[in-house]
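Please open the structure in your viewer and keep the side chains ready to display. The tour moves from one selection to the next and says what is to be found at each stop.

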Number of protein chains: 2
Amino acid sequence: MRKIVSLFILLMTASRLFAEDGYRLWLRYDKIDNSILLQQYRNNISSVVINGSSPTIIAARQELLAGLDGLLAKKVPEAKEIKNNSIVIFKKTSGFPETIGVDYTALGEEGFAISTLKLSSKGNAEDIIAISANTDMGVLYGVFYFLRLLQTHQSIQHLSVISVPKIQLRILDHWDNLNRSVERGYAGISIWNWHTLPDYIDQRYIDYARANASIGINGSVLTNVNANALVLTKTFLEKVAALANVFRPYGIKVYLTARFSAPVEIGGLKTADPLNAEVQQWWKKKVDTIYQYIPDFGGFLVKANSEGQPGPQNYQRTHADGANMLADAVAPYGGIVMWRAFVYSNETPTDRFKQAYDEFKPLDGQFRKNVLIQVKNGPIDFQPREPFHPLFGSMPQTPLMMEFQITQEYLGQATHLVYEAPLFKECIDADTYAKGKGSTVAKIIDGSLDNHSISGIAGVANIGNERNWTGHPFGQANWYAFGRLAWDHDLASAQIADEWIKQTFTNNKTFVDGVKEIMLASRQIMVNYMTPLGLHHIMGTGNHYGPAPWVNNVGRADWNPVYYHRADSIGIGFDRTSSGSNALSQYTSTVSGPWSNLKTCPDEYLLWFHHVPWNYTMRSGRTLWGELCYQYYSGVDSAKWMQQTWNKMEGWTDEERFRQVKMLLTIQEKEAVWWRNACLLYFQTFSKMPLPDGYEKPGHTLEYYKGLRFPFAPGNGGNL
Amino acid sequence: MRKIVSLFILLMTASRLFAEDGYRLWLRYDKIDNSILLQQYRNNISSVVINGSSPTIIAARQELLAGLDGLLAKKVPEAKEIKNNSIVIFKKTSGFPETIGVDYTALGEEGFAISTLKLSSKGNAEDIIAISANTDMGVLYGVFYFLRLLQTHQSIQHLSVISVPKIQLRILDHWDNLNRSVERGYAGISIWNWHTLPDYIDQRYIDYARANASIGINGSVLTNVNANALVLTKTFLEKVAALANVFRPYGIKVYLTARFSAPVEIGGLKTADPLNAEVQQWWKKKVDTIYQYIPDFGGFLVKANSEGQPGPQNYQRTHADGANMLADAVAPYGGIVMWRAFVYSNETPTDRFKQAYDEFKPLDGQFRKNVLIQVKNGPIDFQPREPFHPLFGSMPQTPLMMEFQITQEYLGQATHLVYEAPLFKECIDADTYAKGKGSTVAKIIDGSLDNHSISGIAGVANIGNERNWTGHPFGQANWYAFGRLAWDHDLASAQIADEWIKQTFTNNKTFVDGVKEIMLASRQIMVNYMTPLGLHHIMGTGNHYGPAPWVNNVGRADWNPVYYHRADSIGIGFDRTSSGSNALSQYTSTVSGPWSNLKTCPDEYLLWFHHVPWNYTMRSGRTLWGELCYQYYSGVDSAKWMQQTWNKMEGWTDEERFRQVKMLLTIQEKEAVWWRNACLLYFQTFSKMPLPDGYEKPGHTLEYYKGLRFPFAPGNGGNL
């Protein structure tokens with residue numbers, strides 16, 4: 001009871017402050033707390049000169065003035081005349097002189113330049129900072145970049161910045177249903193309040209657009225890939241249009257998921273066969289209507305013939321037939337189709353790992369120019385660690401789009417601190433060797449390897465209507481990191497973490513260094529306490545919450561954990577070599593060679609590709625069983641270390657978020673122990689080997705862990 | 001398009017401010033903007049002297065220091081020594097001198113006194129303000145009252161305040177499900193995040209407790225009356241206990257809804273028969289367990305044998321049998337049972353209006369002392385206007401508890417500005433004449449009429465996880481008004497509106513007067529455009545959204561609007577006189593007399609009790625049809641007037657909420673027109689009479705209105 005009261009009092013202390021509820025994300029613009037730096041900034045920023053009056057320039061103006069107002073704690077005047085220490089924002093075409101030394105052709109549609117210039121006007125040499133671009137959007141991106149320099153306490157002297165996005169389509173996928181539940185959402189319900197749209201414009205819609213524009217995201221798929229055709233009816237298109245109007249000035253296009261059977265469900269047709277003329281006509285008409293409501297509609301995202309969703313195969317047509325039909329409908333308007341490669345069938349006995357490749361590789365070259373194939377980073381489903389998807393490098397004639405999952409469906413959901421940038425980078429930097437060394441996934445998705453004219457990357461959003469958007473305060477870092485990497489996949493995880501921490505919490509070095517250390521280590525720590533050595537898909541059924549490696553009774557084989565770990569008296573792991581499912585043959589030999597060989601396969605992928613005997617001697621010298629125990633226990637130890645490190649941060653940031661994270665890290669450790677004990681007790685029934693000496697014994701029996709039930713765990717269908 | 005952009009820019013202007021998101025409710029404590037007053041307050045408050053260290057006193061201390069810190073924009077020191085202009089908070093028993101002239105026995109458990117005193121210490125006469133009570137909770141209530149004086153710019157000189165609640169149990173009923181959906185909730189999902197409890201304590205839980213304590217609410221029923229037995233399992237009780245620990249210092253007890261069939265569903269028994277010894281034993285054991293987790297658990301709220309909920313009648317037992325069984329289980333712990341009178345059966349052919357009375361009146365005197373019967377304000381179901389429930393005054397031997405609905409299920413849901421205090425007051429002030437003139441509903445529910453030792457009032461909460469708690473900013477006023485009236489039912493609606501506006505928005509007179517005028521008129525305006533002249537229950541099926549007087553095909557008769565309005569070629573209205581269902585016989589003759597007579601029945605109840613010919617001449621001189629048209633059209637005109645009045649308020653408050661309300665009032669007018677047109681076009685098919693000259697013609701046909709569908713309207717079962 002004392003403990004409760006003291007926690008309670010601790011909490012109460014903050015309630016008086018309404019301190020920092022996290023709503024402002026990384027756009028807080030609080031006063032610079034370094035007085036010397038503050039003075040420098042004030043000296044270097046005397047006025048703002050803005051050219052243009054488009055909604056986008058108005059947005060840039062608002063953001064810049066609001067940002068400076070907060071950061072410098074003074075009103076920076078807006079001037080018509082360029083004076084010494086003016087910040088000048090302009091578009092190349094707007095009559096201002098081109099900035100010396102900037103190659104505007106290289107900036108393209110979205111790039112920008114920030115340059116410190118000496119302008120001589122009326123005989124005086126004026127120092128100014130020019131934020132310029134070819135387009136209004138480039139200018140807005142430049143303004144956000146400039147504000148980031150101030151928020152992260154960078155020097156703004158002698159600026160010579162050129163920034164151009166490497167990937168064209170940088171998109172958030174919302175798995176949001178029309179009743180506002182969010183599939184795999186752990187931060188409340190959908191921020192799209194369909195019921196009050198179009199007449200009520202929630203402030204969140206604008207702040208959502210601001211946050212995305214600040215990191216370069218330029219597209220939003222509003223609806224769940226498990227789609228509802230009703231969103232294509234006029235009632236909803238009117239609502240979608242209202243959102244598009246809010247997003248437009250921030251350079252964000254809206255996309256919708258197209259339910260393949262819509263012609264039947266809302267069109268009254270007898271078929272949705274993509275080669276049927278009536279069906280094609282229906283989609284053309286539907287698209288005409290959509291563009292009447294949303295002139296710059298982005299296009300469709302489609303999940304077809306996957307997990308019960310209808311698709312062209314219902315009519316013995318190919319994915320290409322389906323995608324091309326929709327592509328032809330949106331092509332006249334410059335729209336695109338994002339067609340998901342996430343397909344697998346329980347009728348097909350083949351290793352699920354192989355099915356997307358088997359289905360799509362043969363279709364390479366058969367898709368329209370405005371179709372992208374959206375491929376998940378790994379072959380199964382957003383696991384803590386997966387090898388890169390074998391489709392990357394296998395469809396040179398088709399633009400492949402990356403699908404990452406920002407929401408933590410398999411990464412501890414809303415209660416685990418897991419910084420995803422290292423996971424994203426691991427995949428992006430992977431070398432497919434498709435065209436020899438250096439054929440990285442990055443070059444495939446940015447289109448450079450095969451010279452595609454269109455490129456894209458998508459992240460499944462972790463956003464909901466909780467006050468801080470993402471539930472776990474560190475979920476914001478994953479939204480941020482996705483956007484930053486979508487803009488520039490060369491950025492280092494540490495660099496992104498550094499700027500996020502500084503903008504979101506504080507520039508205090510102790511805090512930044514300590515928290516960065518936690519963030520950078522967090523993903524590997526989670527792999528260790530959940531699925532070490534290449535284990536995968538051993539989580540709870542349905543809600544995907546917690547460990548359940550014992551599950552073997554789900555309707556279809558490849559939904560059962562036992563299908564993936566294959567533990568038996570001999571060993572554990574999925575043999576995907578030529579002696580097994582031979583999934584490795586889907587990679588180039590340079591990749592599959594080392595992975596196929598037990599001796600050369602990296603530990604982290606071991607059980608992805610090999611069924612390994614319990615007593616096999618690992619690189620560490622431990623047996624496989626010993627190594628498995630070691631990894632699980634070290635994962636839990638590291639989770640404890642995360643707590644201890646965080647606790648040292650008290651006082652360096654606001655109490656409210658400090659305590660939130662403190663409570664969440666306690667839950668994370670508790671659940672890490674749960675994962676470790678449940679998995680090891682279960683695998684031990686096969687290995688028949690004891691826990692190595694000195695390891696603390698599990699607090700419960702295997703039966704206890706098997707008996708746990710979570711009927712209302714969030715993110716799962718009817719659950720919110 | 002221009003319109004959209006300009007609205008958009010308007011919105012953007014605010015986004016820079018993160019202005020006022022409404023989260024702080026009426027506890028904003030912003031700096032007093034009247035400089036003279038600010039100086040006075042600063043002069044009169046030099047220090048704070050606090051005696052005590054209980055969690056409740058700590059809460060009072062935190063609130064007082066935080067409030068003064070914000071309102072006076074200076075740190076008021078906490079002192080041990082009473083000095084001139086100290087604010088002294090203490091409990092009578094804590095060794096401080098009793099305040100002169102305060103009758104502490106009259107203050108009871110929760111009352112408080114605030115008095116300006118001259119204390120002579122060391123020869124000097126010190127002016128101090130004493131906030132004192134018999135209990136720590138009384139002190140906390142006094143602190144909130146004192147802060148309200150400052151927030152509403154009242155004088156704090158010569159204070160002599162005595163405040164004691166008139167009703168003992170002042171409770172919020174949450175219709176929150178365990179998956180976080182909220183039945184009839186229109187402000188997002190439940191603030192109870194069951195998944196992360198008990199380890200994660202959301203700041204909202206504390207601010208919820210603060211807000212409730214500030215208006216005197218002392219109980220919270222956490223779960224839906226359509227109950228799920230799982231909340232009674234240990235897994236959930238552990239979570240409930242965590243909430244109880246947060247609420248305890250704020251004087252708020254937690255209650256749960258008891259699913260009557262729990263012994264079968266989670267107890268594994270064959271029956272839930274309340275007279276079965278095993279069942280009684282099961283509940284006793286269950287209650288023992290609950291009190292181990294929550295030593296001050298309040299008790300149970302039960303919906304039994306109503307709308308599909310199980311109950312004692314499933315076993316041919318009475319409501320008294322069921323209530324008493326639970327009452328016996330909680331009695332040893334001082335717990336209570338709130339048993340709902342909201343029962344009606346489709347097997348019973350009787351007018352639904354009469355059924356609760358028929359069921360419960362005969363049971364008067366058969367309930368245990370710790371049972372309260374919870375009666376809705378009216379006989380049907382929270383309609384825009386209902387006569388008071390005939391049970392009030394009919395069960396003198398039983399404490400009747402009021403059930404109001406704060407959430408606007410039938411009052412425009414989250415998009416209509418409807419201030420409910422006048423609705424509450426209309427019922428509270430109604431005279432039942434049970435014991436002659438002056439036998440008001442107020443005296444029945446506060447227990448004074450029949451000298452009950454226990455009294456209660458409940459309000460169905462309108463709270464969700466949206467940033468501002470209630471969706472519509474003015475929904476906060478209804479939460480506030482319920483609490484204030486629960487404490488003191490003599491308060492005037494205008495007085496409550498006045499203090500709410502000042503605390504929530506501003507003390508600016510123009511704003512306060514204008515907005516108060518809107519609030520006080522709003523309920524009657526809604527009655528006019530929705531259900532004038534005593535019409536009731538003609539809303540959409542299921543979601544209860546919008547008009548649907550034509551519906552006649554719902555499974556059970558008394559769920560169909562046609563059952564209630566009974567429109568035909570002769571007239572409209574439900575004959576509840578002796579020539580009809582004779583429901584009026586359930587009232588005392590002093591009440592039923594005038595209501596039974598068409599000539600003396602007040603217009604606002606007319607169609608509740610009479611089937612009136614279309615051409616009947618009303619007091620206004622108009623025919624009934626003409627009057628119906630007049631009321632509907634004047635309702636819409638008044639909705640327009642609300643908009644115009646609000647628009648004049650621009651600049652007197654923050655832009656963010658100004659615009660929110662502006663958008664919502666536009667929706668309200670749109671929906672008022674919808675109600676008017678749909679209802680009049682439909683009733684016209686019976687009256688066969690034209691719209692009076694000069695009324696604008698409906699924009700759509702009846703068929704159009706009949707055709708509207710809202711599959712995802714919120715608050716309805718699966719919908720969020």
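What follows is a walk through confidence, charged pairs, aromatic pairs and charges over rings.

Begin by colouring the model by confidence, bearing in mind that it is predicted. Chain A averages a pLDDT of 95, and 96% of its residues score at least 70, while for the complex the predictor gives an ipTM of 0.95 and a pTM of 0.96. Select residues 1–18 of chain A next, where pLDDT stays under 50 and for which the model has 42 contacts beyond four places in sequence.

Select A:Arg467 and A:Asp21, whose side chains form a salt bridge with a distance of 2.7 Å from N to O. This pair links distant parts of the chain, since A:Arg467 lies in the loop between strand S13 (456–460) and helix H14 (475–487) of chain A, and A:Asp21 in the loop between helix H1 (2–15) and helix H2 (35–44) of chain A, 446 residues apart. Are these two residues buried or exposed? A:Arg467 has a relative accessible area of 12% and is therefore buried, and A:Asp21, at 14%, is buried as well.

Move to chain B and select B:Glu110 with B:Arg170, a salt bridge of 2.8 Å from N to O. B:Glu110 is in the loop between helix H4 (104–107) and strand S3 (112–121) of chain B, whereas B:Arg170 belongs to strand S6 (residues 169–173) of chain B, 60 residues apart. Both B:Glu110 and B:Arg170 are buried.

Stay in chain B for B:Glu426 and B:Arg385, where the salt bridge is 3.0 Å from N to O. Here helix H12 (residues 421–428) of chain B, which holds B:Glu426, is linked to the loop between strand S11 (371–376) and strand S12 (400–405) of chain B, which holds B:Arg385, and the two residues are 41 residues apart. B:Glu426 counts as partly exposed because its relative accessibility is 28%, whereas B:Arg385 is buried, with a relative accessible area of 8%. Back in chain A, select A:Glu20, A:Arg24, A:Arg28 and A:Asp30, which salt bridges with shared partners join into one network.

Now display the aromatic rings, among which a search of the whole structure finds 100 pairs over all chains. Select A:Trp550 and A:Tyr682, whose ring centres are 6.2 Å apart and whose planes stand at 75 degrees, so the pair is edge-to-face. A:Trp550 lies in the loop between helix H16 (509–530) and helix H17 (561–565) of chain A and A:Tyr682 in helix H21 (residues 655–687) of chain A, so the pair ties together parts that are 132 residues apart in sequence. A:Trp550 and A:Tyr682 are both buried.

For an aromatic pair in chain B, select B:Phe353 and B:Trp608, which are edge-to-face because their centres are 6.1 Å apart and their planes at 70 degrees. B:Phe353 is in helix H11 (residues 352–360) of chain B and B:Trp608 in helix H19 (residues 606–609) of chain B, 255 residues apart. B:Phe353 counts as buried at 0% relative accessibility, and B:Trp608 is buried with a relative accessible area of 0%.

Finish in chain A with an aromatic cluster whose members include A:Tyr23, A:Trp192, A:Tyr205 and A:Trp469. A:Arg204 lies over the face of A:Trp469, 4.6 Å from the ring centre, and the charged end of B:Arg467 sits over the ring of A:Tyr23, 3.4 Å from its centre.

Methods:
Residues numbered from 1 in each chain as written. Chains lettered and ligands numbered in written order. Predicted model: local features only at pLDDT ≥ 70, side-chain atom pairs only at ≥ 80, totals over all residues. Heavy atoms only, no water. pLDDT = per-residue confidence, 0-100. Contact = heavy atoms within 4.5 Å. Salt bridge = Lys/Arg side-chain N within 4 Å of Asp/Glu carboxyl O. Helix = DSSP H or I, 4+ residues; strand = E, 2+ residues; numbered from the N terminus. Buried < 20%, exposed > 50% of the residue type's maximum accessible area, 1.4 Å probe, protein only. Phe/Tyr/Trp six-rings, centres within 6.5 Å; stacked < 30°, edge-to-face > 60°. Lys NZ or Arg CZ within 6 Å of the ring centre and 35° of its normal.
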